[in-house]
Amino acid sequence: MATPIIDAPRSGKIDVKYNRSKGGKGSFEMVAWLFMRLSGVVLVVLIFGHLFVNLMVGDGVHAIDFGFVAGKWASPFWQIWDLLMLWLAMLHGTNGVRTIINDYAERNGTRMALKTVLYVATVVIIVLGTLVIFTFDPCPAGAVTDLPSFCTAR
Amino acid sequence: MSPIETAETAPEPASKIELPAHVGGGGEIPTFNITLRVRRYNPEISEDFSWEDYELTMYGTDRVLDALHKIKWEHDGSLSFRRSCAHGVCGSDAMRINGRNRLACKTLLKDLDTKKPITVEAIKGLPVEKDLIVDMEPFFQSYREIMPFLINKGHEPTRERLQSAEERARFDDTTKCILCAACTSSCPVFWTDGQYFGPAAIVNAHRFIFDSRDDAGDMRLEILNDKEGVWRCRTTFNCTEACPRGIQVTQAISEVKQAILSRRV
(Lines give C-alpha, C1' and ligand atoms only; values in the text may rest on other atoms or scores of the structure.)
Protein backbone atom coordinates (compact mmCIF):
# COMPACT_ATOMS: atom_id res chain seq x y z
CA MET A 1 0.00 0.00 0.00
CA ALA A 2 1.38 3.37 -0.99
CA THR A 3 1.84 5.71 1.92
CA PRO A 4 -0.23 8.86 1.39
CA ILE A 5 1.74 12.09 1.38
CA ILE A 6 0.77 14.29 4.28
CA ASP A 7 1.65 17.98 4.20
CA ALA A 8 3.91 19.27 6.90
CA PRO A 9 2.09 21.18 9.63
CA ARG A 10 1.65 24.91 8.95
CA SER A 11 2.49 24.45 5.29
CA GLY A 12 -0.24 27.01 4.65
CA LYS A 13 -2.25 24.59 2.56
CA ILE A 14 -5.84 24.51 3.68
CA ASP A 15 -8.85 22.87 2.17
CA VAL A 16 -10.20 25.25 -0.47
CA LYS A 17 -13.67 24.96 1.00
CA TYR A 18 -12.53 27.20 3.87
CA ASN A 19 -11.43 30.00 1.56
CA ARG A 20 -14.18 32.54 1.78
CA SER A 21 -15.82 33.14 -1.58
CA LYS A 22 -15.56 36.73 -2.77
CA GLY A 23 -18.40 38.97 -3.81
CA GLY A 24 -20.35 38.66 -0.60
CA LYS A 25 -20.16 42.37 0.13
CA GLY A 26 -23.05 44.75 0.27
CA SER A 27 -25.71 44.98 2.89
CA PHE A 28 -28.19 42.44 1.55
CA GLU A 29 -27.75 40.08 4.50
CA MET A 30 -28.11 42.96 6.94
CA VAL A 31 -31.32 44.15 5.25
CA ALA A 32 -32.65 40.58 5.18
CA TRP A 33 -31.88 40.16 8.89
CA LEU A 34 -33.60 43.44 9.73
CA PHE A 35 -36.58 42.62 7.50
CA MET A 36 -37.11 39.31 9.34
CA ARG A 37 -37.42 41.13 12.68
CA LEU A 38 -39.61 43.98 11.48
CA SER A 39 -41.92 41.87 9.30
CA GLY A 40 -42.22 39.39 12.17
CA VAL A 41 -43.55 42.08 14.50
CA VAL A 42 -45.99 43.42 11.88
CA LEU A 43 -47.14 39.89 11.00
CA VAL A 44 -48.02 39.11 14.62
CA VAL A 45 -50.49 42.04 14.55
CA LEU A 46 -51.82 41.26 11.06
CA ILE A 47 -52.30 37.53 11.61
CA PHE A 48 -53.90 37.77 15.05
CA GLY A 49 -56.13 40.60 13.79
CA HIS A 50 -57.09 38.41 10.82
CA LEU A 51 -57.83 35.41 13.07
CA PHE A 52 -59.82 37.52 15.53
CA VAL A 53 -62.00 39.12 12.86
CA ASN A 54 -62.62 35.84 11.02
CA LEU A 55 -63.10 33.48 13.95
CA MET A 56 -64.27 35.48 16.96
CA VAL A 57 -66.27 38.52 15.89
CA GLY A 58 -70.04 38.08 15.36
CA ASP A 59 -70.99 34.52 14.36
CA GLY A 60 -67.33 33.67 14.33
CA VAL A 61 -66.17 30.72 12.31
CA HIS A 62 -69.75 29.88 11.23
CA ALA A 63 -70.04 33.15 9.33
CA ILE A 64 -67.26 32.26 6.90
CA ASP A 65 -68.52 31.51 3.42
CA PHE A 66 -68.09 32.85 -0.10
CA GLY A 67 -70.18 35.91 0.74
CA PHE A 68 -68.10 36.67 3.86
CA VAL A 69 -64.85 36.74 1.87
CA ALA A 70 -66.50 38.72 -0.92
CA GLY A 71 -67.78 41.23 1.62
CA LYS A 72 -64.34 41.69 3.19
CA TRP A 73 -62.64 42.22 -0.15
CA ALA A 74 -65.22 44.81 -1.13
CA SER A 75 -63.51 47.09 1.40
CA PRO A 76 -60.12 48.65 0.51
CA PHE A 77 -59.13 48.31 4.18
CA TRP A 78 -59.24 44.50 4.09
CA GLN A 79 -57.72 44.45 0.61
CA ILE A 80 -54.67 46.31 1.92
CA TRP A 81 -54.63 44.19 5.11
CA ASP A 82 -54.64 40.92 3.19
CA LEU A 83 -52.17 42.23 0.63
CA LEU A 84 -49.72 43.21 3.38
CA MET A 85 -50.22 39.87 5.06
CA LEU A 86 -49.61 38.01 1.80
CA TRP A 87 -46.46 39.91 0.87
CA LEU A 88 -44.90 40.01 4.32
CA ALA A 89 -45.68 36.36 5.12
CA MET A 90 -44.39 35.18 1.74
CA LEU A 91 -41.18 37.21 1.90
CA HIS A 92 -40.63 36.36 5.58
CA GLY A 93 -41.16 32.66 4.90
CA THR A 94 -39.07 32.68 1.73
CA ASN A 95 -36.17 34.34 3.51
CA GLY A 96 -36.48 31.82 6.33
CA VAL A 97 -36.33 28.89 3.93
CA ARG A 98 -33.46 30.61 2.07
CA THR A 99 -31.43 30.70 5.31
CA ILE A 100 -32.28 27.07 6.01
CA ILE A 101 -31.07 26.11 2.52
CA ASN A 102 -27.87 28.11 3.05
CA ASP A 103 -27.31 26.41 6.41
CA TYR A 104 -28.08 22.84 5.44
CA ALA A 105 -27.11 22.45 1.77
CA GLU A 106 -23.40 21.81 1.61
CA ARG A 107 -22.75 22.18 -2.11
CA ASN A 108 -23.27 25.36 -4.10
CA GLY A 109 -25.06 23.44 -6.85
CA THR A 110 -27.63 22.01 -4.43
CA ARG A 111 -28.14 25.48 -3.00
CA MET A 112 -28.74 27.03 -6.39
CA ALA A 113 -31.23 24.34 -7.39
CA LEU A 114 -33.22 24.50 -4.15
CA LYS A 115 -33.28 28.30 -4.13
CA THR A 116 -34.45 28.44 -7.75
CA VAL A 117 -37.44 26.25 -6.87
CA LEU A 118 -38.08 28.41 -3.81
CA TYR A 119 -37.98 31.73 -5.69
CA VAL A 120 -40.18 30.49 -8.53
CA ALA A 121 -42.78 29.24 -6.03
CA THR A 122 -42.65 32.56 -4.15
CA VAL A 123 -43.12 34.68 -7.25
CA VAL A 124 -46.01 32.53 -8.52
CA ILE A 125 -47.84 32.68 -5.19
CA ILE A 126 -47.30 36.42 -4.65
CA VAL A 127 -48.40 37.34 -8.18
CA LEU A 128 -51.40 35.01 -8.08
CA GLY A 129 -52.46 36.21 -4.62
CA THR A 130 -52.11 39.87 -5.52
CA LEU A 131 -54.15 39.34 -8.69
CA VAL A 132 -56.91 37.59 -6.75
CA ILE A 133 -57.13 40.34 -4.13
CA PHE A 134 -57.47 43.15 -6.68
CA THR A 135 -59.43 41.48 -9.46
CA PHE A 136 -61.82 39.47 -7.30
CA ASP A 137 -65.40 40.00 -8.48
CA PRO A 138 -68.08 37.94 -6.75
CA CYS A 139 -70.69 38.76 -9.37
CA PRO A 140 -68.96 38.47 -12.74
CA ALA A 141 -70.88 39.89 -15.63
CA GLY A 142 -72.28 37.26 -17.96
CA ALA A 143 -72.53 34.53 -15.35
CA VAL A 144 -76.05 33.23 -14.95
CA THR A 145 -75.90 30.26 -12.59
CA ASP A 146 -74.36 29.67 -9.16
CA LEU A 147 -74.29 33.38 -8.31
CA PRO A 148 -74.46 34.16 -4.61
CA SER A 149 -77.74 35.54 -3.41
CA PHE A 150 -76.46 39.08 -2.82
CA CYS A 151 -75.69 39.58 -6.51
CA THR A 152 -78.44 41.63 -8.05
CA ALA A 153 -80.00 39.73 -10.89
CA ARG A 154 -79.06 41.09 -14.28
CA MET B 1 -34.06 32.43 23.66
CA SER B 2 -32.99 29.26 25.38
CA PRO B 3 -30.45 26.91 23.81
CA ILE B 4 -31.81 23.96 21.87
CA GLU B 5 -31.48 20.86 24.04
CA THR B 6 -28.93 18.69 22.31
CA ALA B 7 -26.07 16.63 23.58
CA GLU B 8 -24.14 19.80 22.90
CA THR B 9 -26.12 21.94 25.31
CA ALA B 10 -27.95 19.66 27.75
CA PRO B 11 -26.66 20.43 31.23
CA GLU B 12 -24.22 17.87 32.52
CA PRO B 13 -25.55 16.34 35.75
CA ALA B 14 -23.78 17.27 38.94
CA SER B 15 -20.76 15.33 40.08
CA LYS B 16 -21.37 11.58 40.03
CA ILE B 17 -18.74 10.68 42.56
CA GLU B 18 -18.75 12.14 46.04
CA LEU B 19 -15.29 12.85 47.31
CA PRO B 20 -15.04 12.66 51.10
CA ALA B 21 -14.29 15.92 52.83
CA HIS B 22 -10.78 14.89 53.81
CA VAL B 23 -9.71 14.66 50.16
CA GLY B 24 -7.27 17.41 49.50
CA GLY B 25 -6.24 17.40 53.15
CA GLY B 26 -3.59 14.77 52.57
CA GLY B 27 -5.82 11.72 52.95
CA GLU B 28 -6.00 8.89 50.46
CA ILE B 29 -7.62 9.86 47.19
CA PRO B 30 -10.34 7.43 46.09
CA THR B 31 -9.95 5.68 42.75
CA PHE B 32 -12.52 4.46 40.28
CA ASN B 33 -12.57 2.63 36.96
CA ILE B 34 -13.59 4.34 33.77
CA THR B 35 -13.86 3.45 30.12
CA LEU B 36 -12.51 6.13 27.82
CA ARG B 37 -13.84 5.76 24.28
CA VAL B 38 -11.56 7.68 21.93
CA ARG B 39 -12.26 8.34 18.26
CA ARG B 40 -9.04 7.39 16.52
CA TYR B 41 -7.90 8.44 13.07
CA ASN B 42 -4.61 7.84 11.36
CA PRO B 43 -4.54 8.66 7.64
CA GLU B 44 -1.25 6.76 7.26
CA ILE B 45 -3.04 3.51 8.12
CA SER B 46 -6.66 4.03 7.15
CA GLU B 47 -8.97 6.75 5.89
CA ASP B 48 -11.62 5.51 8.33
CA PHE B 49 -12.29 6.67 11.86
CA SER B 50 -12.61 4.05 14.58
CA TRP B 51 -13.65 4.10 18.22
CA GLU B 52 -11.23 2.52 20.68
CA ASP B 53 -12.03 1.76 24.32
CA TYR B 54 -9.50 2.06 27.13
CA GLU B 55 -10.17 0.70 30.62
CA LEU B 56 -8.41 2.88 33.17
CA THR B 57 -8.22 3.24 36.92
CA MET B 58 -8.20 6.93 37.73
CA TYR B 59 -8.11 9.11 40.84
CA GLY B 60 -10.97 11.28 42.03
CA THR B 61 -8.94 14.39 41.33
CA ASP B 62 -8.07 13.45 37.73
CA ARG B 63 -9.18 15.26 34.63
CA VAL B 64 -9.89 13.90 31.15
CA LEU B 65 -6.44 15.12 30.17
CA ASP B 66 -4.89 12.91 32.87
CA ALA B 67 -6.74 9.93 31.42
CA LEU B 68 -5.40 10.77 27.95
CA HIS B 69 -1.89 11.07 29.41
CA LYS B 70 -2.27 7.69 31.09
CA ILE B 71 -3.28 6.12 27.76
CA LYS B 72 -0.42 7.74 25.88
CA TRP B 73 2.23 7.08 28.49
CA GLU B 74 1.22 3.61 29.71
CA HIS B 75 -1.11 1.95 27.17
CA ASP B 76 -0.85 3.23 23.62
CA GLY B 77 1.85 5.71 22.64
CA SER B 78 0.33 6.24 19.22
CA LEU B 79 -2.57 8.29 20.63
CA SER B 80 -2.17 11.89 19.46
CA PHE B 81 -3.62 15.01 21.03
CA ARG B 82 -2.57 18.60 21.65
CA ARG B 83 -1.94 20.07 25.05
CA SER B 84 0.43 22.67 26.26
CA CYS B 85 -0.09 24.34 29.61
CA ALA B 86 -2.62 21.75 30.83
CA HIS B 87 -4.22 24.38 33.06
CA GLY B 88 -6.97 25.91 30.94
CA VAL B 89 -5.08 28.92 29.61
CA CYS B 90 -3.28 27.96 26.40
CA GLY B 91 -6.39 26.65 24.62
CA SER B 92 -4.68 23.67 22.98
CA ASP B 93 -6.81 20.78 24.19
CA ALA B 94 -10.35 21.66 23.18
CA MET B 95 -12.12 18.42 22.31
CA ARG B 96 -15.58 16.95 22.15
CA ILE B 97 -16.10 15.10 25.44
CA ASN B 98 -19.42 13.25 25.80
CA GLY B 99 -20.71 15.24 22.81
CA ARG B 100 -19.83 18.66 24.21
CA ASN B 101 -16.88 20.87 23.38
CA ARG B 102 -14.67 21.50 26.39
CA LEU B 103 -11.06 21.63 27.48
CA ALA B 104 -9.75 18.21 28.51
CA CYS B 105 -7.64 19.95 31.18
CA LYS B 106 -10.65 21.60 32.82
CA THR B 107 -13.02 18.62 32.81
CA LEU B 108 -12.86 16.48 35.96
CA LEU B 109 -13.63 12.80 35.39
CA LYS B 110 -15.73 12.70 38.57
CA ASP B 111 -18.10 15.25 37.04
CA LEU B 112 -18.88 12.93 34.13
CA ASP B 113 -21.05 9.84 34.16
CA THR B 114 -18.37 7.20 34.83
CA LYS B 115 -20.84 4.28 34.57
CA LYS B 116 -20.96 4.76 30.81
CA PRO B 117 -17.94 5.03 28.53
CA ILE B 118 -16.71 8.61 28.27
CA THR B 119 -16.43 9.55 24.60
CA VAL B 120 -13.60 11.77 23.44
CA GLU B 121 -13.31 12.98 19.85
CA ALA B 122 -11.79 15.81 17.87
CA ILE B 123 -13.72 19.08 17.60
CA LYS B 124 -16.05 19.17 14.62
CA GLY B 125 -15.96 21.27 11.47
CA LEU B 126 -12.18 21.40 11.06
CA PRO B 127 -10.13 18.83 9.12
CA VAL B 128 -8.82 16.09 11.43
CA GLU B 129 -5.10 15.46 11.03
CA LYS B 130 -4.68 12.61 13.48
CA ASP B 131 -6.78 11.30 16.38
CA LEU B 132 -7.74 14.39 18.40
CA ILE B 133 -5.64 16.87 16.42
CA VAL B 134 -7.39 19.11 13.90
CA ASP B 135 -5.98 21.59 11.42
CA MET B 136 -6.61 24.97 13.09
CA GLU B 137 -5.52 26.96 10.03
CA PRO B 138 -9.05 27.75 8.72
CA PHE B 139 -9.92 28.95 12.24
CA PHE B 140 -6.90 31.25 12.42
CA GLN B 141 -7.47 32.46 8.87
CA SER B 142 -10.80 33.94 9.97
CA TYR B 143 -9.15 35.30 13.11
CA ARG B 144 -6.50 37.11 11.07
CA GLU B 145 -9.11 38.58 8.74
CA ILE B 146 -10.68 40.67 11.50
CA MET B 147 -7.31 42.31 12.26
CA PRO B 148 -6.86 41.31 15.90
CA PHE B 149 -4.43 44.09 16.78
CA LEU B 150 -4.62 47.72 17.91
CA ILE B 151 -4.94 50.22 15.07
CA ASN B 152 -4.57 53.83 16.13
CA LYS B 153 -4.48 56.71 13.67
CA GLY B 154 -3.29 59.42 16.07
CA HIS B 155 0.24 60.27 17.04
CA GLU B 156 1.96 57.71 19.14
CA PRO B 157 1.74 58.95 22.72
CA THR B 158 4.88 59.32 24.77
CA ARG B 159 3.17 57.57 27.67
CA GLU B 160 0.60 54.79 27.92
CA ARG B 161 -2.79 55.19 26.18
CA LEU B 162 -5.14 56.10 28.99
CA GLN B 163 -8.55 54.53 29.35
CA SER B 164 -11.21 54.86 32.03
CA ALA B 165 -12.38 51.87 34.03
CA GLU B 166 -15.77 52.07 32.29
CA GLU B 167 -14.18 52.10 28.84
CA ARG B 168 -12.11 49.06 29.80
CA ALA B 169 -15.13 47.25 31.20
CA ARG B 170 -16.99 47.67 27.87
CA PHE B 171 -14.99 44.90 26.21
CA ASP B 172 -13.70 43.07 29.29
CA ASP B 173 -15.63 39.85 28.60
CA THR B 174 -14.18 39.35 25.13
CA THR B 175 -10.57 39.81 26.29
CA LYS B 176 -10.80 36.41 27.97
CA CYS B 177 -10.66 34.42 24.71
CA ILE B 178 -7.88 31.82 24.54
CA LEU B 179 -8.54 30.83 20.88
CA CYS B 180 -9.25 27.19 21.71
CA ALA B 181 -11.89 26.96 18.93
CA ALA B 182 -14.44 25.29 21.24
CA CYS B 183 -17.04 27.90 20.21
CA THR B 184 -16.44 27.95 16.46
CA SER B 185 -16.35 24.15 16.25
CA SER B 186 -19.62 23.88 18.21
CA CYS B 187 -21.45 26.16 15.77
CA PRO B 188 -23.81 24.30 13.41
CA VAL B 189 -23.50 27.07 10.82
CA PHE B 190 -19.72 26.62 10.78
CA TRP B 191 -20.15 22.84 10.41
CA THR B 192 -22.08 23.30 7.15
CA ASP B 193 -19.35 24.60 4.89
CA GLY B 194 -16.66 26.32 6.96
CA GLN B 195 -17.40 29.65 5.28
CA TYR B 196 -18.83 31.43 8.35
CA PHE B 197 -16.32 33.64 10.21
CA GLY B 198 -17.27 31.81 13.40
CA PRO B 199 -17.88 33.02 16.96
CA ALA B 200 -14.20 33.24 17.93
CA ALA B 201 -13.33 35.69 15.14
CA ILE B 202 -16.33 37.85 16.02
CA VAL B 203 -15.48 37.80 19.74
CA ASN B 204 -11.96 38.99 18.96
CA ALA B 205 -13.29 41.67 16.63
CA HIS B 206 -15.63 42.76 19.44
CA ARG B 207 -12.62 43.12 21.73
CA PHE B 208 -11.17 45.84 19.43
CA ILE B 209 -14.39 47.36 18.05
CA PHE B 210 -15.46 48.41 21.55
CA ASP B 211 -11.96 49.43 22.69
CA SER B 212 -11.86 53.23 23.04
CA ARG B 213 -8.15 53.27 22.07
CA ASP B 214 -8.76 51.60 18.72
CA ASP B 215 -9.68 53.57 15.59
CA ALA B 216 -10.45 50.77 13.12
CA GLY B 217 -13.84 49.69 14.47
CA ASP B 218 -15.52 50.75 11.23
CA MET B 219 -13.17 48.59 9.16
CA ARG B 220 -13.88 45.55 11.33
CA LEU B 221 -17.64 46.16 11.20
CA GLU B 222 -17.36 46.33 7.42
CA ILE B 223 -15.48 43.01 7.35
CA LEU B 224 -18.12 41.34 9.54
CA ASN B 225 -20.98 42.80 7.46
CA ASP B 226 -20.07 40.08 4.95
CA LYS B 227 -22.59 37.45 3.88
CA GLU B 228 -20.53 34.99 5.92
CA GLY B 229 -20.23 37.45 8.79
CA VAL B 230 -22.41 38.15 11.83
CA TRP B 231 -25.66 37.76 9.89
CA ARG B 232 -25.12 34.00 9.62
CA CYS B 233 -25.39 33.73 13.41
CA ARG B 234 -28.66 31.94 14.30
CA THR B 235 -28.34 32.60 18.05
CA THR B 236 -28.41 28.91 18.96
CA PHE B 237 -26.12 29.72 21.93
CA ASN B 238 -23.92 26.65 21.28
CA CYS B 239 -20.86 28.92 21.41
CA THR B 240 -21.81 30.44 24.76
CA GLU B 241 -22.41 26.94 26.16
CA ALA B 242 -19.09 25.68 24.84
CA CYS B 243 -16.82 28.55 25.92
CA PRO B 244 -14.48 27.25 28.64
CA ARG B 245 -13.80 30.84 29.67
CA GLY B 246 -17.46 31.67 30.21
CA ILE B 247 -17.53 34.43 27.59
CA GLN B 248 -21.05 35.51 26.65
CA VAL B 249 -20.25 34.81 23.01
CA THR B 250 -23.77 35.10 21.57
CA GLN B 251 -24.24 38.42 23.35
CA ALA B 252 -20.97 39.71 21.90
CA ILE B 253 -22.11 38.71 18.39
CA SER B 254 -25.43 40.51 18.94
CA GLU B 255 -23.59 43.64 20.08
CA VAL B 256 -21.57 43.59 16.88
CA LYS B 257 -24.81 43.18 14.87
CA GLN B 258 -26.25 46.21 16.64
CA ALA B 259 -23.08 48.21 16.05
CA ILE B 260 -23.32 47.49 12.31
CA LEU B 261 -27.00 48.49 12.29
CA SER B 262 -26.61 51.70 14.27
CA ARG B 263 -23.80 52.74 11.96
CA ARG B 264 -25.80 52.03 8.81
CA VAL B 265 -29.45 52.57 9.57
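Figure 1. Arg100(B) and Arg102(B) point one way from E4(B). Asn101(B) and Leu103(B) point the other way. All of these residues are buried. The model shown here, and in every view below, is predicted.

Figure 2. E3(B) and E4(B) pair in the antiparallel sense. Four bridges join E3(B) to E4(B). One pair to look for is Arg96(B) with its bridge partner in E4(B), Asn101(B). Most residues other than glycine have a negative phi.

**Figure 3. The open sheet of chain B.** Five strands build this sheet, in the order E2-E1-E5-E3-E4. Their pairing is mixed. Which strands are at the edges? They are strand E2 (50-59) and strand E4 (100-103) of chain B, and each pairs on one side only. On average, neighbouring strands are turned by 35° against each other, direction ignored.

Figure 4. Strand E1 covers residues 31-40 of chain B. E1 pairs with E2(B) in the antiparallel sense, over ten bridges. Within this pairing, find Phe32(B): Met58(B) in E2(B) stands opposite. Helix H1 (residues 64-75) of chain B packs on the sheet. This helix touches E1, E2, strand E3 (94-97) and strand E5 (118-121) of chain B. Its direction makes about 105° with that of E2(B).

**Figure 5. Met147 of chain B, a positive phi in a loop.** Met147(B) is found in the loop between H2 and helix H3 (165-169) of chain B. The phi of Met147(B) is positive, about 55°, although this residue is not a glycine. Is Met147(B) buried or partly exposed? Met147(B) has 16 C-beta neighbours inside 10 Å, so it counts as partly exposed.

**Figure 6. Leu179 of chain B, a positive phi in another setting.** Leu179(B) has its place in the loop between H3 and H4 of chain B. Leu179(B) is not a glycine, yet its phi is positive, near 55°. Why does Leu179(B) count as buried? Because 20 other C-beta atoms lie within 10 Å of Leu179(B), and a residue with 20 or more is buried.

**Figure 7. Phe171 of chain B and its contacts.** Phe171(B) lies in the loop between H3 and H4 of chain B. Phe171(B) has 19 other C-beta atoms within 10 Å, so it is partly exposed. Leave aside its neighbours within four places in sequence, and Phe171(B) is in contact with His206(B), Arg207(B), Phe210(B) and Asp211(B). Look also at Ser212(B), which is 41 residues from Phe171(B) along the chain. The C-alpha atoms of Phe171(B) and Ser212(B) are separated by 9.4 Å.

**Figure 8. The helices of chain A.** How many helices and strands does chain A have? There are four helices and zero strands. Along the sequence, the pattern reads α-α-α-α. Chain A has 154 residues, and 1% of them count as buried. Take the contacts in chain A between residues at least 6 apart in sequence: 66% of these join residues at least 24 apart.

**Figure 9. Helices H1 and H3 of chain A cross.** The axes of helix H1 (residues 28-55) and helix H3 (residues 76-104) of chain A come within 9 Å. They cross at roughly 135°. H1(A) and H3(A) are therefore oblique to each other. Their crossing is left-handed. The contact residues of H1(A) include Phe35(A), Leu43(A) and His50(A). Those of H3(A) include Trp81(A), Leu88(A) and Asn95(A). By class, the contact of H1(A) with H3(A) has 13 nonpolar, five polar and no charged residues.

**Figure 10. Where chain B touches chain A.** Here 20 residues of chain B are in contact with 19 residues of chain A. Which elements give two or more residues to the chain B side? They are helix H2 (137-145), helix H4 (188-193) and helix H8 (249-264) of chain B. By class, this side of chain B has seven nonpolar, five polar and eight charged residues.

Technical notes
Residues are numbered from 1 along each chain as its sequence is written. Chains are lettered from A and ligands numbered from 1 in the order in which they are written. This is a predicted model: local features need pLDDT of at least 70, side-chain atom pairs count only at pLDDT 80 or more; totals for chains, interfaces and linings use all residues. Two residues are in contact if their C-beta atoms, placed from the backbone, lie within 7 Å. Ala, Val, Leu, Ile, Met, Phe, Trp, Tyr, Cys and Pro count as nonpolar, Asp, Glu, Lys and Arg as charged, and the others, Gly among them, as polar. Axes are lines fitted to C-alpha atoms, for helices over the stretch in contact, and angles run from 0 to 180 degrees between N-to-C directions. Angles under 35 degrees count as roughly parallel, over 145 as roughly antiparallel, 65 to 115 as roughly perpendicular and the rest as oblique. A crossing is left-handed if the near helix is turned anticlockwise from the far one by less than a right angle, and right-handed if clockwise. Two strands pair if DSSP finds at least two bridges between them. A residue is buried if 20 or more other C-beta atoms lie within 10 Å of its own, exposed if 12 or fewer, and partly exposed in between; C-beta atoms are placed from the backbone.
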